[in-house]
Amino acid sequence: MANHKSAEKRIRQTKTRTLRNKYYAKTMRNAVRKLRATTDKNEAAELLPKVQKMLDKLAKKNIIHKNKAANIKSSIALYVNSL
């Protein structure tokens, strides 16, 4: 248990940030899942830049690792091109 005022504040901040980060990470996973489930090339090509932008933003904010973002972007680009 926290003994200092600053430690109590740090616990509150961490909880808030963790919830926010989980929300954005889950939203990203759902967007990638939706893109991979798409079989229509036009729809997938329309979704691709939005998902890539989302991945870039999350990597920039260190919610996901930059290499993970790059790997996902690469794999979804390959998928869209193979349609």
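Helices here are DSSP runs of H or I with at least four residues, numbered from the N terminus. The expected span of such a helix is 1.5 Å times one less than its number of residues.

Before I turn to the helices, a word on provenance. This is a predicted model, in which local features need pLDDT of at least 70 and side-chain atom pairs count only at pLDDT 80 or more, whereas totals for chains, interfaces and linings use all residues. Residues are numbered from 1 along each chain as its sequence is written, and side-chain values use heavy atoms, with hydrogens and water left out.

I begin with α1. This helix covers residues 5-37, 33 residues in total, and reaches 48 Å from its first C-alpha to its last, close to the 48 Å expected at 1.5 Å a residue. Its buried residues are A25, M28, A31, V32 and L35, where buried means under 20% relative accessible area, exposed over 50%, and partly exposed in between, with a 1.4 Å probe and protein chains only. An α-helix has 3.6 residues a turn, so residues three or four places apart point the same way. The buried residues of α1 pack against α2 (41-60) and α3 (66-82).

Next, the packing of the helix pairs. Axes are lines fitted to C-alpha atoms, for helices over the stretch in contact, and angles run from 0 to 180 degrees between N-to-C directions. Angles under 35 degrees count as roughly parallel, and those over 145 as roughly antiparallel.

The axes of α1 and α2 come within 10 Å and cross at roughly 155 degrees; the two helices are therefore roughly antiparallel to each other. Their crossing is left-handed, meaning that the near helix is turned anticlockwise from the far one by less than a right angle. Y24, T27, M28, A31, V32, K34 and L35 of α1 meet A44, L47, L48, V51, M54, L55 and L58 of α2, contact being heavy atoms within 4.5 Å. T27 is partly exposed, because its relative accessibility is 30%. Between T27 and M54 there are 9.2 Å, C-alpha to C-alpha, at a sequence distance of 27 residues.

For α1 and α3, the angle is about 20 degrees and the axes are 10 Å apart, which means that α1 is roughly parallel to α3. From α1, this contact uses M28, V32, L35, R36 and A37, and from α3 it uses I72, S75, I76, Y79 and V80. The crossing of α1 and α3 is left-handed as well.

The axes of α2 and α3 come within 10 Å and cross at roughly 175 degrees, so α2 is roughly antiparallel to α3. Among the residues in this contact are V51 and L55 of α2, and I72 and I76 of α3.

Finally, the loop between α2 and α3. Which residue there has a positive phi? N62 lies in this loop, and its phi is near 60 degrees, a positive value in a residue other than glycine. At 68% relative accessibility, N62 counts as exposed. H65 belongs to the loop too, and at 51% it is likewise exposed.

How values were computed
Angles under 35 degrees count as roughly parallel, over 145 as roughly antiparallel, 65 to 115 as roughly perpendicular and the rest as oblique.
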